[in-house]
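Hello,

Here is the structure I promised to pass on. Please open it first, then read the notes below it.

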2 protein chains.
Amino acid sequence: MSDASRAVKICLLGFGNVGRRFCELVERKSGELAGDHGVRVLFAAVGTGSHGSLLAPDGLTAAEMLAVAHGGDIDLMLPDPPRPGTELIAAAGADVLVEATPLDPLGGHAAIEHIEAAFARGMDVVTVNKGPIAWDYRRLADIAAANGCGFRFEGTVMDGAPVFNMWESCLPGCRLLGFDAIFNATTNFILDAMGEGRSFADALTQTQADGYAESDPSHDIDGHDAAAKAAALANVLMDARITPDAVDKESVRDVTPERAAAARRAGRRLRVLCTAFAADLPAQRAAPGVRASVRLVELAPEHPFFAVGGSSLAVILHTDLMGDVEVAELAGLPEQTAFAVYSDLLALQRGR
Amino acid sequence: MSDASRAVKICLLGFGNVGRRFCELVERKSGELAGDHGVRVLFAAVGTGSHGSLLAPDGLTAAEMLAVAHGGDIDLMLPDPPRPGTELIAAAGADVLVEATPLDPLGGHAAIEHIEAAFARGMDVVTVNKGPIAWDYRRLADIAAANGCGFRFEGTVMDGAPVFNMWESCLPGCRLLGFDAIFNATTNFILDAMGEGRSFADALTQTQADGYAESDPSHDIDGHDAAAKAAALANVLMDARITPDAVDKESVRDVTPERAAAARRAGRRLRVLCTAFAADLPAQRAAPGVRASVRLVELAPEHPFFAVGGSSLAVILHTDLMGDVEVAELAGLPEQTAFAVYSDLLALQRGR
């Protein structure tokens, strides 16, 4: 560690797959963080729902923090009892909140509360929890701006594949006219299995057995996850000011074996497609002008998304100046969402 | 124009499709450039090979410059006789060289000379001419660094689709292990037509008639254009230090009607695929460690590039931290290369 490097203290809420892999990535990259970016990342607090908490206002290195956290991925145990996220935020004296708690599909209220508490203390925020961006982006972004805080959320859509950051850094002056996207991997797996001739129920069981669907999979199956991501993207890049409730949804439950078989015979693939478009383009508009939907479509091999199955995700951004630009993540993994936190953290440091 | 905006004077070499559309884009965006970026873009010199030149060291706005340039896309005529690029660079007193002269497939010597002349005067450089990046990147980048000059080249590969800029801004700390790409539109069109049952000669004639192939198309057909782009990407993102000569090439001339018919019957598509991979990953290596090739492949519908035809181009970046990330430009147009210059220009201003 060079003396010139600056400590950046993190309050990490949520220590599942993504949170833990983020710590591992920080540990692996600690030399590069200090040498190339002049940053020493320290953990001042870590909170979980039922696996304890850790409070260390002086800050632990990633290596120290991982040593304190006992056990493997499942048996994680932090030394102190669980505490509310807002309490940890208040006590940690951290510079950055990393919000990685599990999604609350009904509106992300806890995560929103965490983010507001962080902004109130002048902290920057990186969230991989999509709830706040899907349900309450405009208000939170305004609070961040008023308090001079950074607010980043690359990991909320398509894991770590650059979407928000690409738009911000690489497509200056473009207007987003709309987008098409495949944002949900679970339904990819289910529809892939149905494309091989299985019923919906069999396909779901298989996808659960393979670890790609939750025991309660309705959030994915009925389009809520995809709708939240579509709302997040529309809110940030199109100033849509919509919530996931406003997104028309179709469920893969409604795919009959007959429909799947007919698609297969025609050489097509069923996919859950997210679409958004600006229904009115004038700059001044009173009512929300973006329509978004999550629907079942049959794609021919000529469609750019025909090959987007399994844990691959993709978006086509329809822009005014740069035409149609596609970004895809092929075979995504939790490491890639952890990378999103890492890249957002570096973007915050560049912005300082 | 706000008083706070700063003049950025351009010396533009090459005033074809891209150069002209860049001027039109600057004109269209002049309010945004001043308001959002604090920049007034002025043209201090414009040079062409045979359509005259223009020298205005005080700088013309884009609107003034376009008014001075007579005629339409073809009949462009600038008021002064043609002058060597280096003479214009010396006389213009500009801040930024935009190198948009036609590619010299044999090594890009003229463009390299222009870029060196600009760096010698402390100017930043934006090039859409891929020659210098394909043939001489390392040396030019070192000169830029030694002279404190910016050096950007987004438009050299995949028009304005974010590749170099995405890597720089959005994938911090990643290592590029290799890439697969479709970088040449002309051969896409030819192979699309052969996929419909035409001979190579017929397909070429059709592609020329449609305006997607030059009257001397060998640069595209024999893989030189794709090899130059592959070398450029490998040189910048993998420190490959190779030239296009080092890229193994196959020509679409070698596709027999029988091979095309067999691919079609199998439901596959012929494509010209650029591939590069790090043959040795140790950080210290004496000899170039990147192998690159341009070869004919048959792609099944499951391949992400199956749908990449016509003027669509795509690359899959194989990274260590973020897995495989694909970027594609769907149905590219010259406006999009002009956008690359525009986004590079803004990136230079951010870096100042």
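This is a predicted model: local features need pLDDT of at least 70, side-chain atom pairs count only at pLDDT 80 or more; totals for chains, interfaces and linings use all residues.

**What I found**

One pairing is worth a look. Strands β9 (residues 269-278) and β10 (residues 290-299) of chain A run antiparallel, and 10 bridges join them. One bridge pairs C274(A) with V294(A) in β10(A).

**A residue in chain B**

Now go to β10 (residues 290-299) of chain B, where S293(B) sits. Is S293(B) buried or exposed? Its relative accessible area is 16%. Buried means under 20%, so S293(B) counts as buried. Leaving aside residues up to four places away in sequence, S293(B) touches V247(B), D248(B), L273(B), C274(B) and T275(B).

**The two copies**

How does chain B relate to chain A? A rotation of 180° with 0.0 Å of shift along its axis superposes chain B on chain A, at an RMSD of 0.0 Å. The two copies are thus related as by a two-fold rotation axis. In chain B, V327(B) has the C-alpha nearest that axis, 2.3 Å from it. Both copies use the same surface: 100% of the contact residues of chain B recur in chain A.

**Chain A as a whole**

- The secondary structure of chain A comes to 13 helices and 12 strands.
- Its C-alpha atoms fill a box of roughly 65 × 50 × 35 Å along the principal axes.
- A compact globule of 352 residues would have a radius of gyration near 20 Å; chain A has 21 Å, which agrees.
- Of the 352 residues in chain A, 58% count as buried.
- Among contacts in chain A with a separation of 6 or more, 72% come from residues 24 or more positions apart.
- Chain A exposes about 13,600 Å², and carbon and sulfur atoms supply 50% of that.

Best wishes

Note on methods:
Residues are numbered from 1 along each chain as its sequence is written. Chains are lettered from A and ligands numbered from 1 in the order in which they are written. Side-chain values use heavy atoms; hydrogens and water are left out. Two strands pair if DSSP finds at least two bridges between them. Helices (H or I, at least four residues) and strands (E, at least two) are DSSP runs, numbered from the N terminus. The radius of gyration is taken over C-alpha atoms; the globule rule is 2.2 Å times the number of residues to the power 0.38. Buried means under 20% relative accessible area, exposed over 50%, partly exposed in between (1.4 Å probe, protein chains only). Contact means heavy atoms within 4.5 Å. Accessible areas come from the Shrake-Rupley method with a 1.4 Å probe; for residues, only the protein chains shown count as cover. Copies are superposed by least squares on the C-alpha atoms of residues with pLDDT of at least 70 in both.
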